[in-house]
Amino acid sequence: MTSEQQNILIALGSVRCLPATFDKRFTRNLSAAAKNNTAYELSESQIKIMYSLLYKYRKQLPATYEKYKNHPDCKPKIK
């Protein structure tokens, strides 16, 4: 996990999500790994999900979003 990914995941850990959702489980699990500095390697799909969640919760994380908004995966999810 890079320091950029670690910063994003720690920030996502403080986001308020709806109860019992994938977003909440994903952010809690990976932010705990980021806080503990575990040698955890993110998969490509996890990285894409991380950036899509950063876009989704950009109103709650304005500073983090401003820093990483130019990343190609930091955009709305296509349905």
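Reader: Is A20 buried or exposed?
Author: This is a predicted model, and in it A20 counts as exposed, because its relative accessibility is 71% and the cut-off for exposed is over 50%.

Reader: And where does A20 lie?
Author: A20 lies in the loop that runs between α1 and α2. Its phi is positive, about 55°, although A20 is not a glycine. Most residues other than glycine have a negative phi.

Reader: Which residue takes a positive phi just after α2?
Author: That is N37, which has a positive phi of about 55°.

Reader: Which residues of α2 are buried?
Author: The buried residues in α2 are D23, F26, T27, L30, S31, A33 and A34. Looking down the axis of α2, these buried residues fall within an arc of 155°, so they line one face of the helix. An α-helix has 3.6 residues a turn, so residues three or four places apart point the same way.

Reader: What about the other side of α2, which residues are exposed there?
Author: On that other side, R28, N29 and K35 are exposed.

Reader: And what covers the buried residues of α2?
Author: The cover includes α1, residues 3-12, and α3, residues 44-56.

Reader: Changing topic to the largest nonpolar core: which residues touch the most other members?
Author: This core has 20 residues, and those that touch the most other members are I8, L9, L12, M50, Y51 and L54. The largest share, five residues, is given by α3.

Reader: Let me pick L54, then; what does L54 touch?
Author: Leaving aside residues up to four places away in sequence, L54 touches I8, L12, L61, T64, Y65, Y68 and C74.

Reader: Last one, the whole chain: how many helices and strands are there?
Author: The secondary structure of the protein chain comes to four helices and zero strands. Its radius of gyration is 12 Å, close to the 12 Å that the globule rule gives for 79 residues, so the chain is as compact as a globular protein of that length. Of those 79 residues, 37% count as buried.

Key. Residues are numbered from 1 along each chain as its sequence is written. This is a predicted model: local features need pLDDT of at least 70, side-chain atom pairs count only at pLDDT 80 or more; totals for chains, interfaces and linings use all residues. Side-chain values use heavy atoms; hydrogens and water are left out. Buried means under 20% relative accessible area, exposed over 50%, partly exposed in between (1.4 Å probe, protein chains only). Helices (H or I, at least four residues) and strands (E, at least two) are DSSP runs, numbered from the N terminus. The arc is that of the directions from the helix axis to the C-beta atoms. Contact means heavy atoms within 4.5 Å. A nonpolar core is a set of buried Ala, Val, Leu, Ile, Met, Phe, Trp, Tyr and Cys residues joined through side-chain atoms within 4.5 Å. The radius of gyration is taken over C-alpha atoms; the globule rule is 2.2 Å times the number of residues to the power 0.38.
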